[in-house]
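Hi there,

Here is the structure I promised to pass on. Have a look at it first, and then read my notes below.

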Amino acid sequence: MNESVALSADVIVVGSGIGGLTAAALLQERGISTLVFEKNRYAGGSCSSFQRGGYRFDAGASVFYGFGENSTSGTLNLHTRIFRKLGVEVRTIADPVQIHYHLPNGFSIPAFYDRLAFLDALAARFPHEAEGIKLFYRELDEVYEILSAMPAGSLEDVTHLFSVGAASPLKTIALAMKSFRSMGKTARRYIHDEELLRFIDIEAYSWAVQDAVATPLVNAGICLADRHFGGINYPVGGSGAIPEALCKGIEKFGGRICYQSEVTEILVDNGEARGVRLADGSKHYAKAVISNATVWDTFNRLVTDSRYRVDEKKFLRAPSWFQLFLGVDGSVIPEGFYVHHILVDDWKSYNQPGGTIYFSAPTILDPSLAPAGKHIVHAFVTGEVEEWQNYERGSSAYLAAKEEVAAGVIARTESILPGLSKAVELKVLATPLTHERYLNRFKGSYGPLMKPGQNILQKPQNTTPIKNLFAAGDSTFPGQGVIAVTYSGVSCASYIARKFGKPLDELL
Ligand SMILES: Cc1cc2nc3c(=O)[nH]c(=O)nc-3n(C[C@H](O)[C@H](O)[C@H](O)COP(=O)(O)OP(=O)(O)OC[C@H]3O[C@@H](n4cnc5c(N)ncnc54)[C@H](O)[C@@H]3O)c2cc1C
């Protein structure tokens, strides 16, 4: 390649998911110029909002960590720290319950922000396991406390690791040991009741889409402990408020986001990333490229050199989603109803396609998302593109199949929201094909998961086999979830910034 070619920016970012935007915002704030290319007309990917008929729906995520105020929590409260650094405000509303679980045998329990209230409610259902419950959740708190003591940074950045290790040697060793442990195996050291162990499974499944044995203790420490410390906070204006604020931060410091700009190729020359080619054929060059696409899309589609292909089976591919975005008459939501719910009818099928229903009604916290007197119900179940790929998009058969799945989900949800089917006034349905198409995600997948025996540290990190090609987002460590991809964005930016000789300041 001609070395004198004009650079579009120091760093090009492929995709404006939360991982990509976080990395771009922190680099840009540090004076490293960034250019983000996003295929859609809006930012945020699985954490965006979209409008329909007077409603503003969350496209995916709606349970948010990371907005706590505790100034001593090192790797946690990242949203608060990042927005403070960028000088951009995201207002939030505290949610008293992370998820209200509705489980077989009439087992119903809200995961309260108030830790004691939650543990007492669990012990009331399982009095014979009261001590085990305390000891197991204490383990998660210990992980939380260790993470709280450490500043966020890249595990590939030796200087960062050295400074963390030197400042807190015992905590670093403890964290390394815990990162190899499984949440489910840890639970089994203290708990023996099968129904309670199923509950621990659904606690893991709620965000990891895997049972507790397959879920690393470290991730559990973040999701199931921080809900009682930093808590769950909903951004005013919906999930899209997060990417919108990150974009504001990028632009405030001079960076650019180009919408409706799909990257079709990451340009690699002699084992080194040089830039990207867009769908319109234009080429843009940079000193480094960050891919916010999945590991499969990055290496099996955007990088054309087959030597870098990633075997589909290298990781477990998480399923995709069938989603219902409903505008409903407000009277269907009873007084005191919580925002987020998980519904399991039968433990035998909770982890099968469609087995668990997730749903949220964010208008309980932020009524401005719907017309007066109306609510949003966002419900979703797992699904696979294979079940849908024989339908022609827009065909009557496709529409009928979507309606059938939606009717089944609504009917099951009526067990806790009687009258829901009659209250629906607006219905937007999205299949795994929609998810695949809108977000350019391989098979619409929620992303790669660890196989049994694989360790969380075997997840792709931010560097890749291609020089100057980096990755951020839910294919990289630590994994799925908005706070997790925010961490990946921070660690990606901190690695690149140090490489560019402008290390990031610690996020305060
Ligand atoms: C239904 C659902 C519910 C969820 N609920 C929660 C929740 O409650 N709480 C939580 O924390 N997490 C939740 N998640 C997970 C969370 O939303 C994701 O893990 C996270 O948002 C993924 O971020 P990401 O940075 O990996 O990028 P993505 O969200 O995948 O975004 C990638 C972006 O890159 C763009 N892009 C891809 N390829 C290209 C290309 N070639 N050129 C240009 N642009 C491209 C896409 O259009 C997209 O905008 C949920 C996810 C889903 C699907």
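Three elements, α1 (18–29), β14 (320–329) and α15 (482–499), each supply at least two residues of the shell around the ligand. Please keep in mind as you read that this is a predicted model. The shell holds 36 residues, and those that come nearest to the ligand are Gly15, Gly17, Gly19, Gly45 and Gly473. Sorted by class, the shell has 16 polar, 15 nonpolar and five charged residues. Domain 1 and domain 3 each give at least three residues to this shell.

That brings us to the domains. The protein chain is divided into domain 1 (9–60 + 239–312 + 450–499), domain 2 (115–232) and domain 3 (320–383 + 389–430). Between the centres of domain 1 and domain 2, taken over C-alpha atoms, there are 28 Å. Where the two meet, 20 residues of domain 1 are in contact with 16 residues of domain 2. The side of domain 1 that touches domain 2 is made up of 10 nonpolar residues, nine polar ones and one charged one.

Helix α4 covers residues 130–148, which is 19 residues, and at 1.5 Å a residue it should span 27 Å. Several residues of α4 are buried, among them Ile133, Phe136, Tyr137, Leu140, Val143, Tyr144 and Leu147. As you colour them, remember that an α-helix has 3.6 residues a turn, so residues three or four places apart point the same way.

Phe162 and Leu76 are 86 residues apart in sequence, and their C-alpha atoms are 20 Å apart in space.

Now for a hairpin. Strand β10 (residues 263–269) and strand β11 (residues 272–278) pair in the antiparallel sense over six bridges. Asp269 stands opposite Glu272 in β11, and two residues lie between the strands of this hairpin. One of the residues in the turn is Asn270, with a positive phi of about 55°.

Why mention that angle? Most residues other than glycine have a negative phi, and most peptide bonds are trans. Asn270 has a positive phi although it is not a glycine. Asn468 also has a positive phi, near 65°, and is a residue other than glycine. Asn468 is found in the loop between β19 (448–449) and β20, while Asn270 lies in the loop between β10 and β11.

How do their surroundings look? Asn270 has 7 C-beta neighbours inside 10 Å and therefore counts as exposed. Asn468 has 20 C-beta neighbours inside 10 Å, so Asn468 counts as buried.

One last thing to find on screen is a peptide bond. Phe477 and Pro478 are joined by a cis peptide bond, with omega at about 5°. To locate it, go to the loop between β20 (469–471) and α15, where Pro478 has its place.

Enjoy exploring, and write back with any questions!

Best wishes

Technical notes
Residues numbered from 1 in each chain as written. Predicted model: local features only at pLDDT ≥ 70, side-chain atom pairs only at ≥ 80, totals over all residues. Helix = DSSP H or I, 4+ residues; strand = E, 2+ residues; numbered from the N terminus. Expected span 1.5 Å × (residues − 1). Buried ≥ 20, exposed ≤ 12 C-beta atoms within 10 Å, placed from the backbone. Near = placed C-beta within 6 Å. Nonpolar A, V, L, I, M, F, W, Y, C, P; charged D, E, K, R; others polar. Domains from an automatic or database assignment. Pairing = 2+ DSSP bridges. Contact = placed C-beta atoms within 7 Å.
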